[in-house]
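Take them in order, with the view open beside you.

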Amino acid sequence: MDRALARLSRPLARLSRPLARLRRGRAAGVLAAGALLLALAGCAGGGAPQLTGDLMTHDPALAKQGDTWFVYSTGNATVANGNIQVRSSTDGTTWRYAGEVWDAKPEWLREQVEGVTNLWAPELVEHDGTWYLYYSASTFGKNTSVIALATNTTLDPDDPAYEWVDQGPVIASTPADDFNAIDPGVATDDDGTPWMAFGSFWSGIRMVELEWPSGLRAGTAAGHPDASEPDAEPLRLAEPLRLADRGAPPNAIEAPYLVEHDGDWFLFVSRDSCCRAAESTYKIAVGRASDITGPYVDRDGVPLLEDGGTILAETDGSRIGPGGQSVADGMMALHYYDGDLNGQFQLALVPLEWDADGWPVLRW
């Protein structure tokens with residue numbers, strides 16, 4: 001798998017993409033993208049700002065804290081033990097590299113996922129003054145995977161209070177499971193209940209309920225089994241809900257992201273093949289539901305559980321294979337492969353707008 005710098009390996013769960021999120025969900029629909037763009041300099045004709053600086057990100061998790069933008073993204077196996085990377089911007093257009101979450105992975109991760117190199121596809125969520133960083137650990141072609149959690153009071157590596165505290169596993173998968181526990185996407189419903197969509201290939205996109213303030217899977221906060229103890233008795237939890245499935249091998253769907261707009265929920269996914277530079281076929285699709293748990297259907301009424309999905313972004317000229325999306329303040333962050341740069345992966349920010357029928361539109 002050609003993951004270039006940011007991703008030297010990825011599960012077949014990722015023939016593909018190596019994901020606040022000011023609060024996954026509702027923030028995107030609340031602020032108009034047009035208003036945000038007034039504060040961003042150098043917009044292209046399509047409405048997306050022209051970005052400069054260090055843009056080499058995969059699976060960008062976009063968030064804003066105060067006046068500063070942050071992107072956390074998939075790690076590079078050759079840098080800082082493959083830990084999640086951090087970039088920041090004071091204006092949303094000029095980006096600088098700001099380091100990594102840790103210098104070394106938590107020891108239990110290496111024990112639970114043998115051979116893990118870099119960490120993938122982060123998600124950022126703020127709740128009650130705490131930032132929750134969800135991320136994936138896996139290896140190429142396997143669903144021996146785990147979504148883990150760390151917490152912090154700030155996103156800014158320059159803040160003296162900056163420290164990501166390991167909170168352990170949220171959900172794991174093994175070859176005995178029909179899903180792959182990577183690509184977390186977290187949103188809080190109108191009742192205040194957090195939910196995590198996840199999944200890549202295998203049985204597609206799944207969902208489990210979380211709980212605040214732990215940020216862990218509902219029912220596990222007290223006495224969560226220690227991942228470093230392989231003989232610990234596993235908790236018996238409900239089967240994860242099913243949200244989207246292409247219905248045929250290789251089931252190339254992943255990277256779920258949830259946004260609420262005008263009372264409806266929208267599930268964004270990435271489909272087809274990521275991480276092949278100029279040969280990538282990645283694209284972003286979306287479905288709509290009245291409830292966060294689905295069922296989701298596309299514009300034509302086709303269920304996402306039956307290979308539905310309205311395409312929002314795909315290869316267009318030199319912008320190849322867009323995907324790995326997240327949303328904050330009315331902007332969608334994604335990565336793509338630049339045909340003018342020999343297929344190098346790049347960060348893009350695109351306004352997320354809404355049409356008269358309440359469906360999302362990207363004007364890139």
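**Notes for a first look**

1. Let's start with a charge and a ring. The charged end of Arg-319 sits over the ring of Trp-364, 4.4 Å from its centre. Please keep in mind as you read on that this is a predicted model.

2. The structure holds eight aromatic pairs. One of them is formed by Tyr-132 and Trp-212, whose rings are tilted, with 4.8 Å from centre to centre and 55° between the planes. This pair links distant parts of the chain, 80 residues apart: Tyr-132 belongs to strand β7 (residues 130–137), while Trp-212 is in the loop between β12 (205–209) and β13 (241–244). Are these two rings buried or exposed? Tyr-132 is buried, because its relative accessible area of 3% is under the 20% limit. Trp-212 counts as buried too, at 18% relative accessibility.

3. Tyr-336 and Trp-364 form an edge-to-face pair, 5.3 Å centre to centre and with 80° between the planes. Here again distant parts of the chain are linked: Tyr-336 is in strand β19 (residues 331–338) and Trp-364 in the segment after β21 (360–362), 28 residues apart. Tyr-336 counts as buried at 12% relative accessibility, whereas Trp-364 is partly exposed, with a relative accessible area of 23%.

4. Ring pairs link Tyr-72, Tyr-162 and Trp-164 into a cluster. Two of these names come back in the nonpolar core: Tyr-72 and Trp-164 are among the residues that touch the most other members of the largest one.

5. That core deserves a point of its own. In soluble globular proteins, nonpolar side chains tend to be buried together. The largest nonpolar core here has 25 residues, and those touching the most other members are Tyr-72, Val-101, Leu-124, Tyr-135, Leu-155 and Trp-164. Two or more residues come from each of β2, β3 (68–73), α3 (107–112), β7 and β8 (145–152). Which element gives the largest share of this core? The answer is β7, with four residues. There is also a second, separate core of 18 residues, which includes Phe-266, Phe-268, Val-327 and Trp-359.

6. Seven of its eight residues are buried, so β7 is largely enclosed by the rest of the structure. On one hand, β7 pairs with strand β6 (residues 120–127) in the antiparallel sense over six bridges; on the other, β7 pairs with β8, again antiparallel, over seven bridges. You can trace residues across these pairings: Leu-124 stands opposite Leu-133 in β7, and Leu-133 stands opposite Ala-150 in β8. The hairpin of β6 and β7 has two residues between the strands, and in it Asp-128 takes a positive phi near 55°.

7. While you are at β6, find Pro-122, which lies in that strand. Pro-122 counts as buried, at 0% relative accessibility. Pro-122 and Gly-185 are 63 residues apart in sequence, but their C-alpha atoms are 8.6 Å apart in space.

8. Now for an open sheet. Its five strands have the order β1-β5-β4-β3-β2, with mixed pairing. Why do β1 (52–53) and β2 (61–65) count as edges? Each has a single partner strand, so one side of each is left without a neighbour in the sheet. β1 runs parallel to strand β5 (residues 94–100), and two bridges join them. Across that pairing, Gly-53 stands opposite Trp-95 in β5.

9. A disulfide joins Cys-274 to Cys-275, with 2.4 Å from S to S, and the count comes to one disulfide. The link of Cys-274 and Cys-275 is right-handed, with 75° about the S-S bond. Both Cys-274 and Cys-275 are buried.

Definitions and conventions:
Residues are numbered from 1 along each chain as its sequence is written. This is a predicted model: local features need pLDDT of at least 70, side-chain atom pairs count only at pLDDT 80 or more; totals for chains, interfaces and linings use all residues. Side-chain values use heavy atoms; hydrogens and water are left out. Rings of Phe, Tyr and Trp (its six-membered ring) pair if their centres lie within 6.5 Å; planes under 30 degrees apart count as stacked, over 60 as edge-to-face and the rest as tilted. Buried means under 20% relative accessible area, exposed over 50%, partly exposed in between (1.4 Å probe, protein chains only). A charge sits over a ring if NZ of Lys or CZ of Arg is within 6 Å of the ring centre and within 35 degrees of the ring normal. A disulfide is a pair of cysteine sulfur atoms within 2.5 Å. Two strands pair if DSSP finds at least two bridges between them. A nonpolar core is a set of buried Ala, Val, Leu, Ile, Met, Phe, Trp, Tyr and Cys residues joined through side-chain atoms within 4.5 Å.
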